[in-house]
Amino acid sequence: MPDSPAIAHGAERSVYNADNADNADNLHVEHPPYLRHHFNSTEQQADTSSFAMWLFLLTEVMFFGGLFTAYLIYRNWYYPAFVAGSHQLNVIWGTTNTVVLILSSFTMAMGVWCAETGRRKGLVLSLSLTFILGLAFLGIKTIEYHEKWEKHHVPGFHYSLSSFTEPQSDPAIYAEYHDKPLAPDMARHTELYFSLYFAMTGMHALHMIIGIGILGFMIFRARAGAYTSGHVTFVENFGLYWHFVDIVWIYLFALLYLISRHQ
Amino acid sequence: MSGQNEHAHHIVGPGVYVVILFCLLIGTGLTVWASFLELGPWNPIIALAIATGKAMLVVLFFMHVKYSTKLTKLTVFAGIFMFLVLISMTLADYMSRAWGSW
């Protein structure tokens, strides 16, 4: 009966809480403090925020997708240079970092489970392990970047072509791959490989740094008892972000380190 | 956590996470091992196939897409499909030009 405001109001309120349907004239029905008033239920609120998080992650897919596409196009274009550039990367460090990141995704997933089941200590432990593994990843990345810096493989004024025009001048790499010397114009394009290498791994590392910062904040909050009393949205959505960053690395590892080892 | 406050969604337990962790580690081992083999054009194909398999495990289980709403499933699928359209059209354009160096 739309002309009866009291009944219409009661019908609307009953959506908030089926148990309280008979209590229809109660203006402010009991609901968890974290339920925003524009949502019907905590379930709807959780679904909505997870949907929004996925939309954000899809913009991230497009962002990294542009870098991946540029990499694939230039790799086909200047193939010998990209193969020679790729031979400069250390597969052992790359594999170690992949394992570190997969482990951190596992500890993050365990953190989400701890939050969902109300385990405060477990959540703090999981988040702390994720934090430490994230730092370990960045530490290994720093070792790799430092090596590129020392060999003058960082694009710019001090970039050195000698590893590519005279492979014997770089004995450790030569012993493993026996690369033939590149002509100077092709060797020049190794700089493009390293530009993309630093752009892609650098953007990935920036995402890791942001993630580690948020993890620190979450550990601080979780120690005070947050996230384990029903409102797990923040932990869940951060988990989605962290796993996404893991997936980006899975592809970076394959494309940058693995696919050019034999050519 | 009682009555209406409880999350209605599926909670994925540690057992599933441990299994997925081991699958991901095995996948990493496999892809590194395959990169040491001399397989010509198959090297990148195998590496990308294993990477995609690992990514799917992460998306379905760690990111709970297997257990989430149809809206989320459709969103994820539509996004990945759009990305594949963009990347394949771009690469098809570059590779079908008579620029000689391809």
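Of the 102 residues of chain B, 22% count as buried (a residue is buried if 20 or more other C-beta atoms lie within 10 Å of its own, exposed if 12 or fewer, and partly exposed in between, with C-beta atoms placed from the backbone). For chain A, 36% of its 263 residues count as buried. This is a predicted model, in which local features need pLDDT of at least 70, side-chain atom pairs count only at pLDDT 80 or more, and totals for chains, interfaces and linings use all residues. Residues are numbered from 1 along each chain as its sequence is written, while chains are lettered from A and ligands numbered from 1 in the order in which they are written.

**Confidence**

- Chain A has a mean pLDDT of 89, and 89% of its residues reach 70 or more (pLDDT is the predictor's confidence in each residue, from 0 to 100).
- Residues 1–18 of chain A have pLDDT below 50. Beyond near neighbours in sequence, this stretch has 17 contacts in the model (two residues are in contact if their C-beta atoms, placed from the backbone, lie within 7 Å).
- Where pLDDT is low, the predicted coordinates should not be read in detail.

**Overall layout**

- Chain A has 10 helices and zero strands (helices are DSSP runs of H or I with at least four residues, strands are runs of E with at least two, and both are numbered from the N terminus).
- Chain B has three helices and zero strands. From the N terminus on, its elements run α-α-α.
- Take contacts in chain A between residues at least 6 apart in sequence: 70% join residues at least 24 apart. For chain B, the corresponding share is 43%.
- Chain B is divided into domain 1 (12–63) and domain 2 (68–96), with bounds from an automatic or database domain assignment. The C-alpha centres of these two domains of chain B lie 21 Å apart.

**Where the chains meet**

- In the interface, 45 residues of chain B are in contact with 45 residues of chain A.
- Helix 1 (14–35), helix 2 (42–62) and helix 3 (70–95) of chain B each supply at least two residues of the side that touches chain A. Helix 3 of chain B gives the most, with 11 residues.
- That side of chain B divides into 26 nonpolar, 17 polar and two charged residues. Here Ala, Val, Leu, Ile, Met, Phe, Trp, Tyr, Cys and Pro count as nonpolar, Asp, Glu, Lys and Arg as charged, and the others, Gly among them, as polar.

**The largest nonpolar core**

- This core has 73 residues (a nonpolar core is a set of buried Ala, Val, Leu, Ile, Met, Phe, Trp, Tyr and Cys residues joined through C-beta atoms within 7 Å). A:Ala109, A:Phe253 and A:Ala254 have the most contacts inside it.
- Both chains contribute: among the elements giving two or more residues are helix 4 (91–116) and helix 9 (190–223) of chain A, and helix 1 and helix 2 of chain B.
- Helix 10 of chain A gives the most to this core, with 17 residues.
- Leaving aside neighbours within four places in sequence, A:Ala109 is in contact with A:Gly239, B:Tyr17 and B:Phe62.

- At 1.5 Å a residue, helix 10 of chain A should span 38 Å; its end C-alpha atoms are 37 Å apart, which agrees. The expected span is 1.5 Å times one less than the number of residues.
- The 31 residues of helix 5 of chain A should span 45 Å, and its end C-alpha atoms are 45 Å apart, which agrees.
- Buried residues of helix 5 of chain A include A:Leu123, A:Leu127, A:Phe131 and A:Phe137. Helix 4, helix 9 and helix 10 of chain A are among what covers the buried residues of helix 5.
- A:His152 follows helix 5 of chain A, and its phi is positive, near 55°.

**Helix 3 of chain A and A:Thr190**

- Six of the eight residues of helix 3 of chain A are buried, so this helix is largely enclosed by the rest of the structure.
- Its buried residues are A:Ala81, A:Phe82, A:Val83, A:Ala84, A:Gly85 and A:Ser86. Their cover includes helix 2, helix 6 (162–165), helix 8 (184–188), helix 9 and helix 10 of chain A.
- A:Thr190 lies in helix 9 of chain A. A:Thr190 is buried, with 29 other C-beta atoms within 10 Å.
- Leaving aside neighbours within four places in sequence, A:Thr190 is in contact with A:Ala81, A:Ala84, A:Gly85 and A:Phe164.
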